[in-house]
Amino acid sequence: PGGLDDFPGGSPEFLKGREGAGVNFSNAVTMNSSPTWRYIILSFDMIALVMIISGGYIMRTMTAPSILKEFDITVGELSVVWAVANIVKVVGQYGAGSFMDLVGIPNTLRVSLIGVALTCVATGTSRSVGIYAAATLFQNGVFVLGQQPTHGSLMGSYFAGPELGFAMGLMNMGYSVAGAVMPLVCAPLLACCGWRFAYFVVAAVLFAYVPVVWKLLVLGPFAVGAASKTVDHAIGMSFAEVRQRPSFWTLLLCGVLFKAWEGTVTAHLPLILELEGGATVEAAAGLYSIIFACAIVGKLACSTALLYVPIHVLSGIGPLGFFASHFLLVVVDVRALASGAALTTSVRIAQSYSRLCAFAVVYGVCYGATMTILVYQPARLYGKRALPQAMSFFFGSIALGELLLPTAVGMVHDVYNYATALMLITFTSTAILFVLTNVLAWTPAADTVELAQLH
């Protein structure tokens, strides 16, 4: 509002010659012109929003045993329902960017919040497996609208430069908080009130949260794209230009490879530990808690480090630890391998609980750091013009990896064992991921005019 001098270092002399870069300077507002607390509150409200939306999704896993008993179906039949739901999730992720362009980022989040609440009610009232399946499919469709592409695009309207990486990492931390907190909240509800009432409670919380965020969910001063006229659309690349960049397809491959390890740990860790690690159900649950808690630490630490440390330095740490965590979960008999012994007899899951705890710490911290680095890359590499579409496709690749690679791990396990499956699939995937994330980190940022970088 105060003119060009409101920009950091934004003297008329500095900005001379940049008028044609596509920035509507008269409408722009910098972070320095608004109180810092507003952005902090927004970030933490986004964490709460992520937690609550995720809560409805986590309920599916928590109530699975009750669903099997209620509808008298097998694990295989329930798995078919979930597999189809995951296909809906993949399609929804790729379409989220177009939906944001159509109705706007704030409305996309509102639709997701209300939609997940309605599906929780529908699930709680379902009297047949058909209604349960329909509610599950619809929930996946609206759930992806409230996931990270939408959150990241909203953060992109408030922050730029390294501050955007910090905000995205802080927002992403909400998923780990949800993973740590929601099972502890849902378990007592299931035990004392049954699975139907538990769904109703989650739905009530979701509905109660709608008015809290309704006015909060507005585009910020750095908004760019079809849903906003605050800054001219010329900032950053168009999505057509983004698709022509080799780095974009490299980023999508990183999403698939990242989910190979993360998705396998999420889906298979209890089975890995109980079938081949000699751990009890309680011990497996404890390791899950350690992983989620350490992921929070990793995301917060990496988000903060993005403000001060070059991204190529961070990319040499987080993804390396993500890859190296295999050596804590899997014991490799090098001598046996060197003597020509079969892989199935040379690798096994660790039996030491202290070693498994070390795995949970290293994996959790490095998973959080790697995720933070990857989430920031679409905005860093391509600017904000195509951010909704770029974020949508990136998380679509993650959903695709979740659908394919953990399933492959299970199939290889049936032929060999879990340790062999991990070394053949996830070990190789994370090794390639380490190389590609460092290639992306050294790729120059998009040649765009970012309002927060004009100094």
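Arg196 counts as buried, because its relative accessibility is 13% and buried means under 20% relative accessible area, with exposed set at over 50% and partly exposed in between (1.4 Å probe, protein chains only). The structure is a predicted model, in which local features need pLDDT of at least 70 and side-chain atom pairs count only at pLDDT 80 or more, whereas totals for chains, interfaces and linings use all residues. Residues are numbered from 1 along each chain as its sequence is written, and side-chain values use heavy atoms, with hydrogens and water left out.

Arg196 forms a salt bridge with Glu70, the closest N and O atoms being 3.0 Å apart; a salt bridge is here a side-chain nitrogen of Lys or Arg within 4 Å of a carboxyl oxygen of Asp or Glu. This pair links distant parts of the chain, with Arg196 in helix H8 and Glu70 in helix H3 (residues 64-71), 126 residues apart. Glu70, at 41% relative accessibility, counts as partly exposed. By this rule the count comes to two salt bridges, and Lys259 forms one with Glu262, where the closest N and O atoms are 2.4 Å apart. Both Lys259 and Glu262 lie in helix H10 (residues 246-275), three residues apart, or about one turn of the helix. An α-helix has 3.6 residues a turn, so residues three or four places apart point the same way. Lys259 counts as buried at 11% relative accessibility, and Glu262 is buried with a relative accessible area of 10%.

The secondary structure of the chain comes to 19 helices and two strands, taken as DSSP runs numbered from the N terminus (helices H or I, at least four residues; strands E, at least two). Of the 455 residues of the chain, 55% count as buried. Among contacts (heavy atoms within 4.5 Å) between residues at least 6 apart in sequence, 83% join residues at least 24 apart.

When residues up to four places away in sequence are not counted, Leu329 touches Trp261, Leu273, Arg348, Ile349, Ala350, Leu356, Phe359 and Leu422.

Thr150 lies in helix H7 (residues 148-156) and is buried, with a relative accessible area of 0%. Beyond residues up to four places away in sequence, Thr150 touches Met100, Ile105, Thr108, Leu109 and Leu145; Thr150 and Ile105 are 45 residues apart in sequence, yet 6.3 Å apart in space, C-alpha to C-alpha.

Phe207, which is found in helix H8, counts as partly exposed because its relative accessibility is 35%.
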